[in-house]
Amino acid sequence: MKESSAKPNEDEGNTTTADAESSDGEDSSSESSEDSEPKLKYARLANDVVKILSKDEANCIAVHPKFLCLGTRFGQIHILDHQGNQVVDKQLCGHSVMVNQISIDHNGDFIASCSDDGKVLIYGLYTTENTHNFSTGRLVKSIGIDPNYYKSGSGRRFITGDERLTLYEKTGFLSRLRPTVLGEAGGIGGLAVAPGSFSGGLVGNLKWRGHFVAWSAYAGIRVYDLTARCSLGLIKWRRLPGALPEDYRCNLCWRDDHTLLVGWVDTVCVCVVRKRKESELRASLSPLSPAAMTSYAEVLPDFVVEPVWTFRTDFFICGIGPLGENQLVILGFSKEPGDDGKSQRPQVHVVEPKSAVWPTCQDGPNPGGEGYVKVCSASLSMQQYSEYKCNDYHLECLIEESRFFIMNPKDLIVANPCDADDHIQWLMEHSHYEMALEAVRGNDGRCLPKRYNALSIGRAYLDHLLAENEFEKAGELCCKILGQDKILWEEEVYKFARICRLRAVSKFLPRGEEGVGGRKDCQLDQHIYEMVLYEFLKLEPEGFLKLVKQWSPKLYNVPAVVNAVMEHVIVIDGVGGISGIVSEKNGTLSGDGTSQGKMKMLLLEALAILYSHEAKYDRALAMYLKMEHRDVFQLIRKYKLYSSIPDMVIGIMNLDKSEAISLLLDTENVPPSAIVERLSSHPDYLYQYLDALESKDTKGHSRKYHGQLMKFYAERDRQKLLPFLRRSDFYPIQQALDICQKKSYFQEMVYLLGRIGSTREALNLITKKLQDIKEAVNFCKQHYDMELWEDLITYSLDKPEFITYLLQEIGTYIDPQILVQRIDTKMEIPGLKESLVKLMRGYSLQVSVQEGFKKVLVSDYFNLHEKMVTTQQRGIEIDDARHTSNVMVFYCKHTFHEECFPLLDSQNCGICHSQKNPSSHHSSSPCRK
């Protein structure tokens, strides 16, 4: 077997140093893991794994979507499924000492392994072709199989790492393996190690993805391009005292075909393999001579690898892998020992860039990321963790499934992404129940859970609220989660009952009422509502009264609640129960001004409502009246207890006169006669009732009481007397006149005298008692009696002011000469000229109006006469077939034979003339056809 070396192509331009001192990793990762929601959930693999690790120790692991391979210290390779069950007949024993690394092709058909015994094993799971088992004679620390090894024509390649990186591939007719040295671990591009530099050591790890192979040596990380057969450069690793790279395993993981994740010592570096741009190529060649440029361009690779995100951690790194779009999973080992001087538990950290965007290198060189933010972390209690060091732990991942396998020599744990159920479980464990309810309804964008639903979360939330004494919030939550399930409601209500907090849930209880959309609520058992009422009765009487008013009596046993109220009243009253708070003066119930008295009043009001629910309206009314409670009116209207009004009319009037009168005016149900009889001993109430009855009576029920009302108006409210006298005809006029005369109500007397025809006496009162010329003139105008005008003129002749007013007003009612001729020519009359002018204008207006009427009358006369003549001159149609001789036709359209005409009046129609003069009689009847 011959070895060949690839052309060296590494230079200083391809060398990069992974420097993370400037990263702000520690500051950004200070968040407590207890407050952060975990991204992963952990489960220990059991089954055959436990048996294997009880007898042996695991040293390496490789995972595939179909299975996983476990390499042990005794040189065995165990093939297991993802549940930890060993695949039958798939245990490999090709090594005599511990297995250093295992690699699986993409299809899961072939497995490659290496060991310190120098052996390299290529094992086919389904075929014996293309399998190999040979010894290199050197310590082989790493191996990588071509992901396309299962394909024919792929060259069946694999790479081993010891002091050098060697590629094996099948070539030639006989398909022999041909080794090719791709690089030396001790130098750059196979060159000798410079004097004073550290030893190159061995190829500690390698990972193959696509046509790129990443491998590590003590000097740093290299990426090899198998297509171009060249190295893309060296990423040097910083050497710090006490944390040298050769003392720790380098952890490599390809996130995709062009993104490499590196975790080594305590530094993380994310590298991107990108294609060089022409501008970069020209810049790198410009310092060289034309000849050197030509030769150098031939070996300069097309791709370049560059770090884009580098940061340091406060722990040693045991493994690394990608999670989602922009997060990393890092297996960490504490730098400090525990209190007992032994190793602490390993931790899994999920981190992401500070900018929350995965750094890329699409636009050229990038100086590095901006640090990281620790999303969450978890400590793992692995078997015998205190006995192991950093290099004893491994982390491998299935990128597509975001599944991580964490191993130490005696334990194997699988970390899977948290699903919707895990998310909700974490929210509930941290008392974020409202967020959990949103999540279970799918409002947070996640998939719906399988183990939880809104009811289970809601009931747990309800228990939490009760434990935290948030009773009102718990009652409100019941409506949201229990719906219309009667059994669930009753179960949860008992939880409130056990802690005496039924009051908090009372307003949310379903009551069998019709809700939104016509949907009816469920109705619970009666004892549920009774328990709520009893609690309110004992602890909160105001709430008890409110519920009695709001709840339908169908929800509970009314007699039982009445008995409970009575017992409670007796207990708090001490001796006499209800009678203990009855006022001896007026027979009404009243509080004693203390909280106990107020409580009694509330309970008695509730008792009155309960009596009404039992249809014991007499007790309810009596209770309200004794309490002087206004709800008595509502009770009467609601249950139409009008027949009881007459017996309690005095009581309700004492309570509220306006409300009582409004109730009494329902004359269809409350006859006025019964009310008037009851109120006769209370004139004030009777007057207010009759006054309201008269103002709103439309059916004449108040007419028989107008005499009484007239007396009340005369005594109590004179302003209403005169309007009442004018609009009513059902009071004794003489009695009213006597009352007005006794009280000197002259205006009312004038009206009454006018009604009985004593107009001259009425006018005399106006002129002599009232001395109101305007009222006197208006009175004369209303009655239009010349004697009244004569009396008024006679009375006014010696009063200039009266004459002035008369001259201005009588011009259109009587002949002005009657007044003017009787005025003393020597009398000085104020405003005479203006009054005469107004008189003449009024008289002239009257004359002109009369003349206008005359013209209209004459015009109408002639128009109607002309119309009559025209109508009479029109022809009249006659049926000639009915007449054998000449006929005579009158304007009334009656026709007669000509021979009969001598017998008739030549001027008038015999028929029409006889109807107008029925006394006239002709000797012979006309012959009318």
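These legends go with a set of close-up views of one predicted model.

Residue numbers start at 1 in each chain and follow the sequence as written. Because the model is predicted, local features need pLDDT of at least 70 and side-chain atom pairs count only at pLDDT 80 or more, while totals for chains, interfaces and linings use all residues, and side-chain values rest on heavy atoms, with hydrogens and water left out.

**View 1. The whole chain, before zooming in.**
The chain has 31 helices and 32 strands; these are DSSP runs numbered from the N terminus, with helices being H or I over at least four residues and strands being E over at least two. Of the 929 residues, 46% are buried. Here "buried" means under 20% relative accessible area, "exposed" means over 50%, and "partly exposed" is in between, using a 1.4 Å probe and protein chains only. Take the contacts with a separation of 6 or more: 55% of them join residues 24 or more positions apart. A contact means heavy atoms within 4.5 Å.

**View 2. Helix α5 under cover.**
Helix α5 runs through residues 420-429 and is mostly covered, with eight of its 10 residues buried. Those buried residues are Ala420, Asp421, Asp422, His423, Ile424, Trp426, Leu427 and Met428.

**View 3. Phe212 and Phe303, an aromatic pair.**
A search of the whole structure turns up 20 aromatic pairs. Rings of Phe, Tyr and Trp (its six-membered ring) pair if their centres lie within 6.5 Å; planes under 30 degrees apart count as stacked, over 60 as edge-to-face and the rest as tilted. Phe212 and Phe303 make an edge-to-face pair, 5.4 Å centre to centre with 80° between the planes. Phe212 sits in strand β17 (residues 212-217) and Phe303 in strand β23 (residues 303-312), so this pair ties together parts 91 residues apart in sequence. Phe212 is buried, at a relative accessible area of 1%, and Phe303 is buried too, at 18%.

**View 4. Tyr617 and Tyr639, a tilted pair.**
Tyr617 and Tyr639 form a tilted aromatic pair, 4.6 Å centre to centre and with 35° between the planes. The pair links distant parts of the chain: Tyr617 belongs to helix α15 (residues 617-627) and Tyr639 to helix α16 (residues 631-639), 22 residues apart. Tyr617 is partly exposed, with a relative accessible area of 22%, and Tyr639 is partly exposed at 24%.

**View 5. Helices α15 and α16 side by side.**
The axes of α15 and α16 come within 9 Å and cross at roughly 160°. That makes α15 roughly antiparallel to α16. Axes are lines fitted to C-alpha atoms, for helices over the stretch in contact, and angles run from 0 to 180 degrees between N-to-C directions. Angles under 35 degrees count as roughly parallel, over 145 as roughly antiparallel, 65 to 115 as roughly perpendicular and the rest as oblique. On the α15 side, the contact is made by Tyr617, Ala620, Leu621, Tyr624 and Leu625, and on the α16 side by Asp631, Val632, Leu635, Ile636 and Tyr639.

**View 6. Ile636 and its neighbours.**
Ile636 lies in helix α16 and counts as buried, at 0% relative accessibility. Leaving out residues up to four places away in sequence, Ile636 touches Leu621, Leu641, Tyr642, Ile645, Met648 and Leu663. Ile636 and Tyr617 are 19 residues apart in sequence and 8.8 Å apart in space, C-alpha to C-alpha.

**View 7. Helices α18 and α20 at an angle.**
Helix α18 (residues 657-664) and helix α20 (residues 683-696) have axes that come within 10 Å and cross at roughly 50°. That makes α18 oblique to α20. Lys657, Ile661 and Leu664 in α18 meet Tyr685, Gln688, Tyr689 and Ala692 in α20.

**View 8. An aromatic cluster.**
Tyr687, Phe712, Tyr713, Phe724 and Tyr731 gather into one aromatic cluster.

**View 9. Asp772 in its loop.**
Asp772 is found in the loop between α25 (759-770) and α26 (773-783). Asp772 counts as partly exposed, at 31% relative accessibility. Asp772 and Phe802 are 30 residues apart in sequence, and 9.1 Å apart in space, C-alpha to C-alpha.
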